Every structure is written in structure tokens, then in C-alpha cells.
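Good morning, and thank you for coming. Please look at the sequence and the structure on the screen while I go through a few local details.

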Amino acid sequence: MPTPTTLNLSEHLLGHRVRDGQGGRRALLTPDGTWTYAEVDALASRWAAVLRDRGMRPGERVLLALPDGPDYVAALFGVLRGGGVVVMVNPELGTDELQWMFGYTEAPWAVVDRSVAGAFREALAGVDEGPTLLVAGDADTTAALDAADPDAVVPHPAAPDDPALWLFSGGTTGRPKGVVQTHRSFVNTTECYGHGILEMVPDDVTLSVPKLYFGYATGSNLFFPFSVGATVSLFPERCTPEALFDRIEAFRPTVLINVPTMINKLLAHPGAAERDLSSLRVCTSAGEALPEALHQRWRDAFGVPLLDGLGTAEMWHIFISNRLGDVKPGTLGKVVPGFTVRACDDDGNEVAPGEVGTMRVQGDSLGLGYWKHPDRTAAAFRDGWYVSSDMIRIDADGYVTYCGRADDMIKVSGKWFAPGELENCLLEHEAVREVAVVAVTDDAGLVKPRAFVVPQEGVEPGPALAEALQAWAKERLQPYKYPREVVFLADFPRTHLGKVDRGALARS
């Protein structure tokens, strides 16, 4: 199929639904009611008109800091429709993070919810230059939207490789890096994963644990369902097990976008057995490794197919996944058709099946690079490939196992092993709710594995439990892999994307 000369993601995912006669279909399902595709399309054009009238020019970056809801969706598509570039921001960022974001992105505009407008103004007071704010929900912006003529907006003729959205890399140390992604990338993964693996259809209803500013949710809980005229469920409040169970029973989703931490919390909920998940046809997991023991517990408790997968900001979304009818717990599944994935040695040569190597990925969802990081861009984006720091193993049948990041791998007594192997082992113990294993250097300068453990409710942490967990690991793994120390925590430190902050654990 020839590549089109123009490709605006807003038109591809939203405008075309209306012109295809699907304007009356339900697009959004929220606690306050429903929105049709025609209503979302009109509001997106109003946002595009307001931004244009305020002075936004094609190619300019717009910070988006809104709770999940109709304004988030319409503002995102409105920015794209007007030729802007969306920079998705966690609306709960503090002053220091916001000031860093202003300087790093150099975005001239920010669309923010009135609930966080005060925090943005406080952050702006401490910098020399920052974005102009448009506050969703305040009288001025509401009046401007009401007065805007949606029919007067002509979609910007973006090229396929023009920047569309920024995604922030999920690194666990230092500031995140902005990955500049194109209109082409989002269309490609929508077709390869959204259609090919999730098998999205118009009757689907999606619901997500991560919020829309997280690229995993942007795809699975917005772009993929919109591409087929399906329904997106949104709720603004922070996700808890109780809230999620309630939303599943109220919205009746068919596709649940999930993460291992919430999967664990759902299973641990005292009323889990009585909750109704019968509407679900599939649940996905990504963002961090899904332990095999947790996968098995989910299957035993709910019977809903659970598809673990791996994606990155650099390749936007999931390119390795289990799939319906072909799920192998403990693995990421197989490479999504449309992508090529290799496990390579330090020289870039592909390793033998079953051996651990550094992941390299090729496909039409490759980003343009890291904003303001030319050296890191040169190292990670090479000749059409994304060269990752993730370590994987691909067996002879094509199933991929995630082994951790290169700097997370632990070498003990001259032998390498992946922290996930010990984490999976400890998670099988009935006293363990969550676990993270990191490498630490002992007094003799030797590297040893340390296990940080969040116990199950009602379990008393202490030396006796630590010894029991060490013995448990020794009985099930090779002796050098047992944790030399077990540290108990009430909860883990987490990154801006909600992942366990292993860097913080290693420094503690």
C-alpha cells in the first residue's frame, strides 16, 4: 500500500468515523454520561479553533494536563487537527517537575484542568519563560469554545513523519527523555497490535487502569477503539481495586487495559470472588514484567484471557505480545506481525535461540529520537532500528522472555541472572504480595541480590520471615541466586509512570 502524502492522526482516528457515517455511535462512556463520535469531533474542532485563534501554529508543542474525560480526548485531537504536537503530562506533577517540564519541552502552550491550574501558575511564577495556559472548565475558555465554529476548521495537512505526540521514556533513574513520535507510528501500531492482536471491533468497550497520559493507555483506551468506532470508558479519579471493580460492573467493558501492580491488588481484594467480570473478553498487561505466578492466579480467579506484552516509547506501544488462543504464561509471547525483534550480543550479532541478548526492534513505529539528547538518540536509533537496554531471550518457537534491563542484570559469583527469576520465585510464597530484586555491593565490594518485599496484609515482617524466604529461594533456584538480604517495605517507590523505582531501591 502506498504511503499517503498527508496523514493527520486526528482525521484518521476521529474525523473519518464521522464521514464514514459513524457519527451517531457511542464514542465515550463516562460517569456523567455518553458522547457520540460526532459530539467529540465537534468539540475537537472547537479546541483547534480556540488554539488557532490564541496563536498556536503548526509544529508547536502543547502540554496536555487534564483528567481522563471528554476534554482530554477533544483537546488532544484538537491540537493534532490544528497541526500542533501533543506533550502528554501527568496532571499531578509537583512544582519542581513542572518547572523542569517547561524548560525541557519549551512548549508555548498548555491546556490544563482548572483543578491543577493553581499548581501550574505557581510553577510559572518561578521561571522566566513558560507556556500560555488555557484552562479547561474556566469561564474564559468555556466561552471561547462555545463561540468557536467547528465547521471553520480545516485539518492541518500533516506529513506521515511529522511529529504528533511526545511520549516520555520510562527509565527508572534521572529525568525522563521525551521521545518524539510521528503520525505514521500511531497508525502503524493501531493496525499491527490494535487490530491484529487485540482484534478490536466496533462493539468493543475499553477500560484502562493507566490514565490517558500514559502511552500504553493512549493506544489501547483511545486510538485503537476509535479506529474501529468502538466505545472508550473514562473516569477521572485515581484507580483503586474497589473503583475498578465498580467501573467494570457499571461500564461492562470487553477489553481491560491493566498492569501487574493492579492485577495483584485485584486478586488480593477481599471481595474479588464476588465481583462480576463476565463482560470481559480479554485483559492486557504491560508496563512492567508480569510474573508467571501472578498470571496463573489471575487465570484461576477470573478465567479471563490475560495477554502480557512489551512496548516502549521509542517504538510506541506493544510489539511483542501473547495473543488470544496462544498464551504462554511467563513469556511476553511472540513478535507482533509488522515488527522485527532480535536478541543481540554487544557487537550487534544475533545470539542463538534460548540465549540472552540485548533487544533490537525494527518497524514503522520508530520514533524520531529523544528531544535534546543527540548522543542518546545516536546510540538508540540506528539505521532504522531501536537499540534497547532491555535484555530478552527468544526460544526456538519464537516466544520471548523478558530478562530485565542490562543495568538491572545481576552477576553473582561470575554468573549472570535476571532479577525477575528470583522475583517470580518469591512471589509464589504465600506471605509475599510484591517483590523487587536489585543488585547491591556488600562490604567486601561483591555484588549480591537484595530482595525488597511488600508482605501480604496481616503477615508480620521480620527476621523469621526473611529467613523463610531465603530458604524458599534456595530450595527452588540455583544456590547463588538466593537473596542475601530481605528488606520489608509497606510499599515501593515508583516512577512518574507508576513503575517500581529500582534505582531508588538500589540507593536505599
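Gly82 is partly exposed, because its relative accessibility is 22%; the scale used here calls a residue buried under 20% relative accessible area, exposed over 50% and partly exposed in between, with a 1.4 Å probe and protein chains only. This is a predicted model, in which local features need pLDDT of at least 70 and side-chain atom pairs count only at pLDDT 80 or more, whereas totals for chains, interfaces and linings use all residues. Residues are numbered from 1 along each chain as its sequence is written, and side-chain values use heavy atoms, with hydrogens and water left out.

To stay with Gly82, its place is in the loop between α3 and β4 (85–88); helices (H or I, at least four residues) and strands (E, at least two) are DSSP runs numbered from the N terminus. Leaving aside residues up to four places away in sequence, Gly82 touches Ala48, Met56, Pro58 and His156, where contact means heavy atoms within 4.5 Å. Its C-alpha atom is separated by 8.0 Å from that of Val153, 71 residues apart along the chain.

I turn to the aromatic residues. How many aromatic pairs does the structure hold? There are 19 aromatic pairs, counted when ring centres of Phe, Tyr and Trp (its six-membered ring) lie within 6.5 Å, with planes under 30 degrees apart called stacked, over 60 edge-to-face and the rest tilted. One of them is the tilted pair of Phe77 and Phe223, at 6.0 Å centre to centre and 45° between the planes. Phe77 lies in helix α3 (residues 70–81) and Phe223 in helix α8 (residues 215–228), so this pair ties together parts that are 146 residues apart in sequence. Both of these residues, Phe77 and Phe223, are buried. Phe381 and Tyr386 also form a tilted pair, with 6.1 Å centre to centre and 45° between the planes, and both are buried. One aromatic cluster is formed by Tyr37, Phe77, Phe186, Tyr193, Phe223, Phe224, Phe226 and Trp316.

Finally, the cysteines. The structure holds 0 disulfides, a disulfide being a pair of cysteine sulfur atoms within 2.5 Å. Cys283 is buried, at 0% relative accessibility.
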